[in-house]
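Look at the whole chain before turning to single residues.

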Amino acid sequence: MKNKGAEYIWFDGKFIEWEKALIPINTHALHYGTSIFEGIRAYKSNNNLHIFKLKEHMERLFRSASIYSIKINHTIDEMVDGTVQLLRKVNMRESCYIRPLSFVGVHGIDLNVTYESPTHTFIIVFPFARYFQTEGIRVGVSSWRRIHDSSMPPIAKSGANYLNSILATQECKRNGYDEAIMLDKNGNVSEAPGENIFVIKNKTIFTPDMASSILEGVTRDTVIELAKDLGYTIIQRPILRSELYIAEEIFLTGTAAEIIGVVSVDGRNIGNGKEGQITKKIRNTYNEIVTCNNNNEKYKGWTTEVW
Ligand SMILES: Cc1ncc(COP(=O)(O)O)c(C=O)c1O
């Protein structure tokens, strides 16, 4: 979305025209990265628009805010409701991306951000289809290490964290890869710039644990539950870089990327160099769930209908 995504945005609880949403040049977030945000998807299917895990995303927004004492002047329910109302207001009928964001407003050059500091919150929406254009992606391990909880908590989805993601992405693109994999400060596998990682060995699924400098992905949580429901064993533990090279399958998960198979790491094929069977099964089930085409009643509660 490089331009306007819809006629209106939701700004501090009101609808305003996209073009009229202007912020002062001395907005704190612009200077110091003091913003926290979410990325959510809604899927067009069965003559409706289904928002995936809307409440879970808003809950994470509030957790990110609390890490930095950034006050959100609305409740989780108001944010949930605001999202649905916005999609109706702009008459969104196609699959789209939803970006709620809270930021510190005009606060001078004061680095003491407290719950009294002025903040604003907006939600923008824009049509969105695929993130990766290929069936399987080629990844490279980045020389940039993932930020660590001791300096900048990766569990907070803050704007500033993405400078780390940007360095890794720039490097991987320069080297001809589709995506980067970052190691944590100890050299264990952490995550991709905007996705979590899963590794399959002996039909068991592994994913880096919370202490491996990851964002607790909503898609990651979904896949963990889904994989168990499909009968797989799933283990969260530190993963060595070298384990990537001997994996049977690898896939990445994220709201934007959804579930995407990794076909090579650092130029070495994973499995037979194509999307693996377990990845495919999890990906297909995930696609059924987000589009509300899965018969399991449990998963129906994961989506919110707009229309
Ligand atoms: C750094 C990072 N890790 C993981 C994820 C995946 O999180 P989710 O599945 O909630 O989109 C994202 C995307 O938001 C991300 O930016």
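**From the whole chain to two residues**

The mean pLDDT of the chain is 97, and 100% of its residues reach 70 or more; pLDDT is the predictor's confidence in each residue, from 0 to 100. This is a predicted model, in which local features need pLDDT of at least 70, side-chain atom pairs count only at pLDDT 80 or more, and totals for chains, interfaces and linings use all residues. Residues are numbered from 1 along each chain as its sequence is written, and side-chain values use heavy atoms, without hydrogens and water.

The chain has 8 helices and 17 strands. These are DSSP runs numbered from the N terminus: helices are H or I with at least four residues, strands are E with at least two. The radius of gyration of the chain is 19 Å, close to the 19 Å of the globule rule for 307 residues, so the chain is as compact as a globular protein of that length. The radius is taken over C-alpha atoms, and the rule is 2.2 Å times the number of residues to the power 0.38.

Of the 307 residues, 54% count as buried. Buried means under 20% relative accessible area, exposed over 50%, and partly exposed in between (1.4 Å probe, protein chains only).

Most residues other than glycine have a negative phi. Aspartate 12, not a glycine, has a positive phi of about 50°. Aspartate 12 sits in the loop between strand 1 (8-11) and strand 2 (14-17), and is partly exposed at 26% relative accessibility. Cysteine 292 also has a positive phi, of about 60°. Cysteine 292 lies in the loop between helix 7 (277-290) and helix 8, and is buried at 18%.
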